[in-house]
Structure formats: structure tokens, C-alpha cells
Amino acid sequence: MLETSARLLRLLSLLQTPREWTGTELAERLSVSARTIRNDVERLRTLGYPVHGTRGAVGGYRLGAGAALPPLLLDDEEAVAVAIGLRTAAGGTITGVEETSLRALAKLEKVLPSRLRRRVDAIQRYAVAVPRDDPGPRVDADTLSTLTAACRDHDRVRFDYRGHDGAESRRDVEPYQLVNWGRRWYLVGFDVERDDWRNFRVDRISLRTPGGPRFVPRSLPEEAVDRVRRGASSASWRYRARVVVEVSAERLAERINPAIGAVTPVDGDRCVLDTGADSVETLAVHLGSLGVDFTVTEPPELVAALRVLGERYRRATESRSAPPTE
């Protein structure tokens with residue numbers, strides 16, 4: 001049988017898992033009586049741990065949220081994951097959490113066993129990420145926190161927004177979800193004045209107070225991640241094209257992701273692909289890689305690029321006589 005202090009730590013570790021334990025289950029795990037479990041639960045409550053209990057055949061114990069954060073018990077894998085996450089956060093894209101992350105990391109590493117500290121150091125030293133060419137924008141931690149709370153509580157938010165072209169506007173938005181793509185954060189929400197769904201770069205948002213009233217949630221027209229991928233890609237396109245593709249919309253959708261473009265069915269054998277790219281040459285190559293026939297009528301720059309590329313491919317496959325040797 002475990003000593004009382006060791007048993008309390010083991011009991012606390014079990015209660016910190018996201019489930020409810022019956023007194024019988026806890027007694028079997030710790031090899032004690034149900035009465036001892038009841039006494040140990042009272043000891044934890046005296047120490048400030050909010051252990052909730054329910055009566056009845058399906059009743060049990062679980063650890064709830066209290067007024068203060070109690071000490072956490074982490075297993076080896078959890079401790080390594082938290083340490084790596086804190087180190088990553090200290091050099092991430094969210095401003096205002098670097099110093100806090102370093103303070104939390106210092107506390108954790110101080111109590112890590114040497115074997116775990118060596119694992120964390122080895123991962124950090126030998127698993128190196130390639131720096132991005134574009135360091136990306138920095139996002140304020142308070143802004144992220146406010147927006148996530150508004151999404152959770154269905155509260156409208158008001159903010160000044162700087163668009164892709166630098167134009168300033170004031171928005172009244174029902175926030176639904178935050179999406180992290182690469183080094184950028186996006187807010188997916190319903191713009192009340194424009195009566196339409198919009199994506200907003202969080203680093204371009206300047207929140208205004210007070211916020212708006214509560215709102216009744218709407219149904220998202222599509223997955224937030226897909227919306228952001230398509231919207232963020234199309235916003236950076238210099239050239240756009242509407243292409244008639246000789247395949248059903250379902251089959252084409254299986255070949256591409258939403259970042260490539262939007263697919264609209266025409267009939268059972270054809271669909272229209274709205275797509276784009278930074279250059280007509282890149283767009284021409286992407287269309288050729290679809291693996292099916294397609295028709296392009298505009299823009300004229302793309303039509304010309306496809307003709308040049310087609311001739312180049314034709315010449316590349318023509319049989320040529322080998323050069324003479326001496």
C-alpha cells in the first residue's frame with residue numbers, strides 16, 4: 001500500500017485525466033478501501049483542489065476548475081511536449097507571450113528529471129526548422145484572446161480594419177472561428193453591414209471598445225479552414241481565369257484543394273474552375289497538370305502562354321537526329 005502522500009499524488013494524477021472516476025475504480029487502482037478514497041478526496045479539497053463528486057449508480061469523482069491553478073502532474077511524454085511547445089511559443093508569431101513562455105519554461109525545466117531535460121535539449125538542438133523567407137506578421141496575444149472569447153460567447157466585435165490595398169474601414173462582425181495558416185492568423189466572421197461572410201487578417205485588426213451585442217449563431221457556409229485557404233490564395237492572385245474543364249465537378253474536386261480555386265458544376269461531364277496565379281506561366285503549368293482536357297478563352301495573356309507552352313512541349317518531343325561525332 002502506498003504511503004498517504006504518495007497515494008494523494010497518485011490520486012491527483014488520476015483525477016487530472018479528462019474522465020469521471022467511481023469510488024470503486026479509484027479504490028481498485030490504489031489498492032485501498034472506498035472509505036480511504038473518500039478521506040483522501042477530502043484531503044485534496046482541504047489543499048484547495050476542486051474535486052467534484054456526484055452520487056448514485058453512475059456517480060463518481062472528477063477534478064473541476066478552481067479559483068487558482070493547482071499544481072499539475074505530467075507524465076514523461078506530456079512534460080516533453082509542454083517544454084517543446086513553450087520553447088516554440090517563445091519564438092512564435094504571437095506578440096506578448098514570449099516572456100511569459102520563457103518564465104513558464106524556466107519553471108518546468110528546473111523540475112524536469114535529467115533524462116527528460118536531455119530529450120528536450122536533443123530535440124531542440126538537432127531538429128532545426130528552416131527559417132521562412134517571409135517572416136510573416138506578428139499578432140497581438142490580447143487581440144487573439146479577445147477574438148476567441150467573442151467566438152465562444154457569440155459576441156459581436158467592432159474593429160478598424162486595414163485591407164490588402166491599405167484602405168481603412170470600420171467593421172461590425174459576428175466572429176465564428178480563428179484559423180492559423182502558416183505564420184498568419186485569420187478571423188472568419190459575418191460582416192453585418194455588408195451582409196456577407198468575410199475573412200480578416202488578425203494582424204490588420206484594431207479592436208474597438210465596447211464590443212457589440214450577443215448574436216444568434218448562423219450556419220457556416222463551408223469549413224472555416226477551406227474558406228481561409230481559398231480566400232487567402234485568391235487575394236494574392238495577379239491573374240485570374242475561368243476554365244471549362246471536361247470532367248465532373250466531383251472528380252475535379254478530388255484532384256485539387258480549395259486553395260487552387262472554386263469548382264462549379266455545368267453538367268455531369270463538365271465544370272468551371274475559377275482559379276489564378278501570380279504569373280500566367282505558372283497558371284498554364286497548373287492547368288496542364290490537371291490531367292484532363294480544358295478550354296480557356298480569357299485572359300488573353302493566358303491563352304498566349306498556353307500556345308507558347310504547347311509549341312515548346314511539341315518541339316521537345318519531336319525526333320531529332322543525333323549530332324555528328326568525330
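Hi everyone, let's start with two strands: E10 and E13 pair in the antiparallel sense over three bridges. Two strands count as paired if DSSP finds at least two bridges between them, and strands (E, at least two residues) and helices (H or I, at least four) are DSSP runs numbered from the N terminus. In this pairing, Val 243 stands opposite Val 296 in E13.

Before we go on, this is a predicted model, where local features need pLDDT of at least 70, side-chain atom pairs count only at pLDDT 80 or more, and totals for chains, interfaces and linings use all residues. Residues are numbered from 1 along each chain as its sequence is written, and side-chain values use heavy atoms, leaving out hydrogens and water.

Now, the sheet. Its four strands run in the order E11-E12-E10-E13, as an open sheet with antiparallel pairing. Strand E11 (261–265) and strand E13 (294–296) are the edges, each pairing on one side only.

What about the core? A nonpolar core is a set of buried Ala, Val, Leu, Ile, Met, Phe, Trp, Tyr and Cys residues joined through side-chain atoms within 4.5 Å; buried means under 20% relative accessible area (1.4 Å probe, protein chains only), exposed over 50%, partly exposed in between. The largest one has 19 residues, and Leu 302 is among those touching the most other members. Helix H11 (300–317) and strand E10 (239–245) are among the elements giving it two or more residues.

Which residues does Leu 302 contact, leaving aside neighbours within four places in sequence? With contact meaning heavy atoms within 4.5 Å, they include Ala 241, Leu 287 and Val 296.
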